[in-house]
Amino acid sequence: MAAYPVNKGVGKPVELKGLRAQYVIYAVFGILLSFVLFFVCSFIIGQIAALIVGIIAMSASFAAVIYMNGRFGEHGLTRLFARRSTPCRLAINKRIYGLMLDKSADKV
């Protein structure tokens, strides 16, 4: 009977052919979107031209995913979006006296 190691990859991110974590899903969605683009273009401009457009779209989307995987890493793209959504500065519209006054002490 063969012996298999148990729980070898627990806690590790999903990796497929060098693509880590969410980039696997991005690659699948890019390929599916390229197929949809191919079928839409095949009705509009013809089969051969649509095949060329579909192959170019698939290659471009996969190249973009490979680039993002190499540049940002496993959680880097999420960190980039989080950094962009935080404000650069905080605006406080109260007077300094109102900020220093403790209003919770008045309610006792």
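Mentor: Let us begin with burial: a residue is buried under 20% relative accessible area, exposed over 50%, and partly exposed in between, with a 1.4 Å probe and protein chains only. By that criterion, 19% of the 108 residues of the protein chain count as buried. The model is predicted, so that local features need pLDDT of at least 70 and side-chain atom pairs count only at pLDDT 80 or more, while totals for chains, interfaces and linings use all residues. Residues are numbered from 1 along each chain as its sequence is written, and side-chain values use heavy atoms, leaving out hydrogens and water.

Trainee: How many helices and strands does the protein chain have?

Mentor: Helices (H or I, at least four residues) and strands (E, at least two) are DSSP runs, numbered from the N terminus. The protein chain has four helices and two strands, in the sequence pattern β-β-α-α-α-α.

Trainee: What span does helix 2 reach from its first C-alpha to its last?

Mentor: The expected span of a helix is 1.5 Å times one less than its number of residues. Helix 2 (residues 47-72) has 26 residues and reaches 37 Å, close to the expected 38 Å. Gly73, with a positive phi near 80°, follows helix 2.

Trainee: Which residues of helix 2 are buried, and what do they pack against?

Mentor: An α-helix has 3.6 residues a turn, so residues three or four places apart point the same way. In helix 2 the buried residues are Ala50, Gly54, Ser61, Val65 and Asn69. They pack against strand 2 (19-20) and helix 1. Asn69 counts as buried because its relative accessible area is 7%. Contact means heavy atoms within 4.5 Å; beyond its neighbours within four places in sequence, Asn69 touches Gly18, Leu19, Arg20 and Tyr23 in this sense.

Trainee: Which residues does UniProt list for "transmembrane region"?

Mentor: UniProt positions follow the numbering used here, with shortened feature names, and annotations may be inferred rather than shown by experiment. The unreviewed UniProt entry lists residues 23-45 and 51-70. In the model, residues 23-45 are 96% helix and 0% strand, with end C-alpha atoms 31 Å apart. Residues 51-70 are 100% helix and 0% strand, and their end C-alpha atoms lie 28 Å apart.
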